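Biologist: I would like to learn how to read a structure like this one. Please show it first.

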Amino acid sequence: MSVEQVTSQIDRFLKSPDPEVLCIRGHWGTGKTYIWQTAAKALREGKDKVALDQYAYVSLFGVNSINQLRSQILQNTLPRAQIGELVTSDTLRSKLNSLESGVKRGFLGMVGLAGDGMFEAVVSGLSVMVSKQIICFDDLERKGPDLRTGDFLGYVNFLAQERKCKVVILLNEEALQDADLSEFSDYLEKVVDVSLKFAPTPMQTVDIALEGAEGSPELKTMIRDRCVHLGIDNIRVVWKLLRYAREIEPMLKGYKPAVLNSVVSTIVLMGWAHLQPKFAPTKLFLTTRQNFYADIVGNRDGKYSAKEIEWMQLVRNYGYMHTDDFDIALLRGIEDGYFNSDIVKQHATELHQRAEADEAALRLRRAWRNMYDDFSADADKSLAEFSDCIRSNGRFYELHNVIPIINMFRDLNRNDEGDKLLDAYLPMRKGIKDAYSLTDTGLFGNKIDADVAEKIRGFEKDAKPVFPSDELFLLLADDGYDRDITQQLSQVPVEDYVRVLETTTGEELGIVRRALTQYNQLSNPTPAIQKIIRKTGVALTRIGEGSELRRYKVRGWGITEKIAQLDAAAAQDAKNAG
């Protein structure tokens, strides 16, 4: 039943003076207690809305006997004007204004000092005063182990039939132990008059959770939209997700709004997996998939289960395409209970730059669209828009994005403007890998005038970093196909190869070995890489001459075999050429 339907039933229940047992069932955290209290509070003014004069809310959490239950009812009874309230210092103050309630409480307090036997006897005696009142029992699934479900329901039946009470039971039956669930099912039809399955939509649950919660409207809207999209229908989970987002929000001040949007998306998904592992995709599933779209497409061999495919589709539709280091860091923060501000800022800076790049790309696409959408576009206005894009965001545009614009200026006889624009653009890309690669630009079919190419080559030459020879070996391990690194290392003398290999030890030697042997299975290495392989071979031969043990060690590198392959391939090429 929806919120509206259950509220209507509560309305009917409270208006009637007739004894009745109402059971409201639903998943944990869907808002059963909230909807009962909210509906009851809205109706408590006036005899025509709530028929009985007294009300008690009793949580069964840890209650182990019927006598404890009786005591809880006595201590928690409030006047009708406070129906829907929990007992607090304020409600107790109001309650003690009632002579009857005050007498009950006074007796309970004094007799409690006389020992358990006397206390239980007095509670049993005072329980006859419980009649014709509304009683709400909550948390049956969390009762103490010594209180049998059958005994509880028998007492509920007594309250309704003998004491003419109206009883509400709020229950998450899925959390009942098997024995309790069996007893509950056996007694349900005999004791309960109306049993409602409370199943609000995720949108209703999220609205309940966020109503009155702390947080900016924008942040709450982000949480709401994402929880609804994933089908999260647990109020406590929504509260916690909002708390995570509120905690991290101040760390993201000053970054692009897209950064907070992205972070909240990850927090909701990863937080759901952490808080509700029975319902959400598992954390292992989310953290071991690099690309959910590729995984779906690549499932031709059936390596993923139906449940995993369902999860992939869910997170893909959610807009979550892959898990990166920032996502992992956010999950760790959720698990640890706090977010490391330094780690967040480090990754947020990267996201911020990515957001800037996305905005720059969108702006450039808009400039092209504005020019080509119709034939009435003004040349000065269109070129000015392109010029402004590049001057403002040039660091985000690759060379193949800019060359067509420079060519357009030239084709429209605006050579001087185009040259100045190129002069403004090129310095913006300094320090960016392959920023001035004409090879990559040519792959996109762009024509490049000779003077433009010459100007770019000048920047490429100046921009190439020069690394110390020792550092080149370690850099090769990180990026063994970088042209600058392989070209520079291929020019390093063999003596430096020998020195580095003989003086490097431990884990660092392992890194250097992986760097120099990574090409052993490469079928067509570049000239620079071939030089590296051959110089490594010469260096290892010299090192192996030192002792039998050294010769044994260097044989395991596989470099000699690779050089033999290169020699055979070279001989075959020479034969084919002849």
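Predicted model: local features only at pLDDT ≥ 70, side-chain atom pairs only at ≥ 80, totals over all residues.

Modeller: Residues are numbered from 1 along each chain as its sequence is written, and side-chain values use heavy atoms, with hydrogens and water left out.

Biologist: Is Ser490 buried or exposed?

Modeller: Buried means under 20% relative accessible area, exposed over 50% and partly exposed in between, with a 1.4 Å probe and protein chains only. Ser490 has a relative accessible area of 1%, so Ser490 is buried.

Biologist: Which residues is Ser490 in contact with?

Modeller: Contact means heavy atoms within 4.5 Å. Leaving aside neighbours within four places in sequence, Ser490 is in contact with Tyr497, Ala528, Lys531, Ile532 and Lys535.

Biologist: Why is Ile456 called buried?

Modeller: Ile456 is buried because its relative accessible area is 0%. Not counting residues up to four places away in sequence, Ile456 touches Leu399, Ile403, Leu426, Tyr436 and Leu438.

Biologist: Which residues touch the most other members of the largest nonpolar core?

Modeller: In soluble globular proteins, nonpolar side chains tend to be buried together. A nonpolar core is a set of buried Ala, Val, Leu, Ile, Met, Phe, Trp, Tyr and Cys residues joined through side-chain atoms within 4.5 Å. Here the largest has 71 residues, and Leu14 and Trp36 touch the most other members. Another core, of 28 residues, lies apart from it and includes Val21 and Leu140.
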